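Student: I have a model open. How do I read burial, helix faces and charges in it?

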Amino acid sequence: MLLSEVCSIVDGVVACGEHRLAESVNCAFASDLMSDVLTLKKDHFLLVTGLANIQSVRTAEMSDAPYILLCRGKQVTPEMLDLALENNILIITSKHSLYKCSGLLYSAGLNPVY
């Protein structure tokens, strides 16, 4: 699925990394527990979270997850933005809940990590 489609499906707004919208992603993982994300044996996935702090960007960086969908209307902090830009990470924000974003993306055909 193209990241531009992800953005459209969740009524998203790109916070940074707009140049990556033409890229595709095959799977997503939804969690607010970054320790769960770090245990994944997968890379190049969309991280769907409501955790709006620097840890979510650091976790994405460490997990080789180049895309973050930030749910529940959370805003990107300046520190998050700086780190995401430094690491070429796309961040999309959505007003929808984590549950709704996950359901919308799953229904549109985006696979779960497991």
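Tutor: Start with burial: buried is under 20% relative accessible area, exposed is over 50%, and partly exposed lies in between (1.4 Å probe, protein chains only). Asp32 is partly exposed, at 30%. This is a predicted model: local features need pLDDT of at least 70, side-chain atom pairs count only at pLDDT 80 or more, and totals for chains, interfaces and linings use all residues. Residues are numbered from 1 along each chain as its sequence is written, and side-chain values use heavy atoms, with hydrogens and water left out.

Student: Which residue forms a salt bridge with Asp32?

Tutor: Side chains of opposite charge can pair when their charged atoms come close. The rule is a side-chain nitrogen of Lys or Arg within 4 Å of a carboxyl oxygen of Asp or Glu. Asp32 pairs with Arg72 at 2.9 Å, N to O. The two sit 40 residues apart, Arg72 in the loop between S4 and H4, Asp32 in the loop between S2 and H2. Helices (H or I, at least four residues) and strands (E, at least two) are DSSP runs, numbered from the N terminus.

Student: How many salt bridges are there by this rule?

Tutor: The count is 2. Glu23 also bridges to Arg20, with the closest N and O atoms 3.0 Å apart. Arg20 is buried at 10%, while Glu23 is partly exposed at 27%.

Student: Which residues of H5 are buried?

Tutor: An α-helix has 3.6 residues a turn, so residues three or four places apart point the same way. In H5 (residues 98–107), Leu98, Cys101 and Leu105 are buried. They fall within an arc of 70 degrees seen down the axis, so they line one face. The arc is taken from the directions from the helix axis to the C-beta atoms. On the other side of H5, Tyr99, Tyr106 and Ser107 are exposed.
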